[in-house]
Each structure stands twice: as structure tokens, then as C-alpha cells.
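Here is a short briefing on charged pairs and nonpolar cores. Keep the sequence and the 3D view open as you read.

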Amino acid sequence: MPQLLNNNNNLNIKNIKLLIQKYKSPFWIYDADIILKKIHLLKEFDIIRFAQKACSNTHILRLMKKNNVKIDAVSLGEIERALFSGFNPQNGEIIFTADILDDDTLSKVVDFKIPVNAGSLDMLEQLGKKSPGHHVWLRINPKFGYGHSKKTNTGGENSKHGIWEPNLALPIIKKYHLKLIGLHMHIGSGVNFDHLQKVCQSMIDNALLINQKISFISAGGGLPIPYTFDDQPIDINQYFKVWNIARKKISTLLNTNIKLEIEPGRFLVAESGMLITQVRTVKKMGKNNFVLINAGFNDLMRPTMYGSYHYISIIPGNNRKINEKKTIDTIIAGPLCESGDIFTQQEDGTIQKRRLPIIEIGDYLIFHDTGAYGASMSSNYNTRPLIPEILLNKHQFKVIRRRQTIQEILNLEK
């Protein structure tokens, strides 16, 4: 549920105004306490493995490690982030998940003995030739998918992810004496318990088909969070129960002890984050009321990419009181030289007006639940510097990434 601003927590209007004065907008804020509470909700799982692509700041990664969360990396850069943050590749704290291996990444996973969660048969061939005996997982495409968006559906024949016929991996594994330690299955973002039952049954069927003494199964990620006040939080106990039944069946069928991993990204960090922005102009375009802010889709990509909804609250730039009862249809847009730079739109790009109180130039808008796929998807489009990230931890605010400068961008092109 959107993190509201009140006087009973440290992310209140007074503190945000002080941060605005000190750092200027736009910037990101994360609340460490919310992350810790979300970690605790998953305590029944044997292993929690953070999908760092959701929020890859190394200070956030260190917070995860301190609380016994392991890490998933999907690129060479994410491997380096994990190593830099103190994760130990020798005891399975890092897993590399991908569908391809480039030469540099292959060298890194071999040198550091990082287990590879392979999404293609070619990966197994490459890895086996260079590192016989390497520990591997198989990422299985169960031939169906699910997701809140077509762009987040990671299963079925329209998805590039995973191995379609995992039994074809066995000859390669045998040829190079690879050590198969786990099976991974992830069909997309969002949870529907009917689909979940199908996923778990597919995991059981594939484990039986492969018939190897594996040590782990992974439930993947995709756990949802309530972005709107009408959204219901996921029943974690039920989610665990369904997967635990599957784990027990596989353990019995293979006559071996199986540990159950979960690989959350958004679930752990989304609700911890806010994007703080300032209104720079308000303009009428025919019947439409546009409010333009100083953050664009180069900062927060999700609304443009997926049509994603983020609750928006207002902090007045002056001392007036916001009249919550008097609202008008409003379109929130950014400064980019792109017609698609709209924060209130549907997945197909159709503008979606939001009923909001009267907004004035100089007011501040807060986008809630932006801790996942906010800063990590940011870019320098329109040569706009990356904005600061600030972490609230134990009643203290700390800048965990300073604002990038334009000169730093230009220096890459010298």
C-alpha cells in the first residue's frame, strides 16, 4: 500500500521538506525498515535470494547481506556489484542467471566459481568446455506464462527465457561432468494461485523427468505488492504452502533433501521507495490540464514502459493547505522531448487522467512505491544526469548515490 506521509514515521512531510532544501529535487528515498519487514515476511523459505535488478545500489545490497539474503545477478555488472558489496561466491551467495554468456562474464563466473542458472543449452556447452564440473541450475520454461504485462511474462513460446526441453540438457551436463544442483522456474510478475498450482506441478513433473539428485528448487520471483489502495497484499503463507507441498513431493520422488529458494525483487524494495519531484509548469492544452515536473521517464521508466500505476501525493511549495476534496482531471508529464513522457498512461500509451487536487507551480509531487525498477532502470536520455538516492536507516538519512554531473557524462566521450 502506498507509503503515506504523516508525523508518526521518519518519512514525513517535515523531513522530506528538509531533504528538498538540502539536496533539491528530483531524488529517490528508501526506507530500510520497510525492506527489513518484507524480508521477515519470507522467513519460512530456506533461502531468500534478492533479484538485484530491481534495486541494485550497493548500499541496498549490503543491507540485504547483513540480513542473510543472498543475491541473484543477471549481468557481469551485477556480479561485480555483488562482489563489491561483500557477497561470497564460494558458498552460493551469488548465482548468475541468464540466457547467454559473453566471454567476459564466462571468465568471471569460472574464476569465482559462481553457480550458473542456465536459460539455454548453448550456455551449458560454453560453460562445460571452459569449466568442467561447474555447478549449474536449469531455468525451465514451463511452456506457459503469466504477468501483469505482456512485457513481464517470462514463460511460454512468446518468451525468450528458459530451456524449452530441459531433458536435452542432460547429455551436455554428463559430457562436461557439470554438477546440476537446482531447478528454477519463473513465469512472470504477479501471482495468480491457479497459475501457481500449474507452475508447481510443472516443477514436479520436470524434476521427475530430469531425475537428478538436485539440492534446490527456486520459486522464482514476481511477488506483487499493492500499488493501489484497492490492491490486496499477497497471502505469503498460502504462497509458501503451495510451493512447500511441491518441494516435499520432489524430495520424496528423488529421495533427497531439497531446499526451497524464493527470488523476490520488487516485493522486497518497491514499497520502501519514493521519487520526490517538483512542479515546473501547469498548462492547459484544450480540455486537458497538464502538470509538468522535473523528473522524466529517464528517471522513472515504469509508467511509460508498462503503463504502471504509482500513487501520487502532493506537498505544497508554499504554506497553503491542500484541499483533498476539490479535485480535477490531471495529466502528469515530464520534461523530456518525447510525447510519451507521461506518468499517467495505460500500457498501450493512452493518456489516463488522474483525479488530483489543484496543483500549483512550485509544489512537490511524490511518486510512491518506486523502490523497485525506479533508479535501477534510469538512463541519461536527453543527457540528463542520474539523480541522488537517499537511504533512511535507523532514523538517519544518508546519500547512497550522489547526483551525477553533466561533465561526468561528457567525460566518457573524451
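Is Glu 261 buried or exposed? Glu 261 is buried, with a relative accessible area of 2%. Keep in mind that this model is predicted.

**A buried charged pair**

- Side chains of opposite charge can pair when their charged atoms come close.
- Glu 261 makes a salt bridge with Arg 49, and their closest N and O atoms are 2.9 Å apart.
- Glu 261 belongs to strand S9 (residues 259-262), while Arg 49 belongs to strand S2 (residues 47-51), so the pair ties together parts that are 212 residues apart in sequence.
- Arg 49 has a relative accessible area of 2%. Buried means under 20%, so Arg 49 counts as buried.

**Other salt bridges**

- The count of salt bridges comes to 12.
- Arg 401 and Glu 389 form one of them, at 3.3 Å from N to O.
- Arg 401 sits in strand S17 (residues 396-401) and Glu 389 in strand S16 (residues 389-393), 12 residues apart.
- Glu 389 is buried too, with a relative accessible area of 4%.
- Arg 402 pairs with Glu 408 in a salt bridge, with the closest N and O atoms 2.4 Å apart.
- How accessible is Arg 402? Its relative accessibility is 51%, and Arg 402 counts as exposed.
- Glu 408 counts as partly exposed, at 28% relative accessibility.
- Salt bridges also link Arg 320, Glu 360 and Asp 363 in a network.

**Nonpolar cores**

- In soluble globular proteins, nonpolar side chains tend to be buried together.
- How many residues does the largest nonpolar core have? The largest core has 95 residues.
- The residues with the most contacts inside this core are Phe 50, Leu 138, Trp 243, Val 269, Ile 332 and Leu 365.
- Which helix gives the most to this core? Helix H9 (residues 236-254) does, with eight residues.
- Look at Leu 365 next. Leaving aside neighbours within four places in sequence, the contacts of Leu 365 include Leu 275, Val 291, Ile 312, Ile 332 and Ile 359.
- Thr 277 and Ser 313 are also among the contacts of Leu 365.
- Another core, of 13 residues, lies apart from the largest one. Among its residues are Leu 19, Ile 276, Ile 390 and Leu 392.

Methods: Residues numbered from 1 in each chain as written. Predicted model: local features only at pLDDT ≥ 70, side-chain atom pairs only at ≥ 80, totals over all residues. Heavy atoms only, no water. Salt bridge = Lys/Arg side-chain N within 4 Å of Asp/Glu carboxyl O. Helix = DSSP H or I, 4+ residues; strand = E, 2+ residues; numbered from the N terminus. Buried < 20%, exposed > 50% of the residue type's maximum accessible area, 1.4 Å probe, protein only. Core = buried A, V, L, I, M, F, W, Y, C linked by side-chain atoms within 4.5 Å. Contact = heavy atoms within 4.5 Å.
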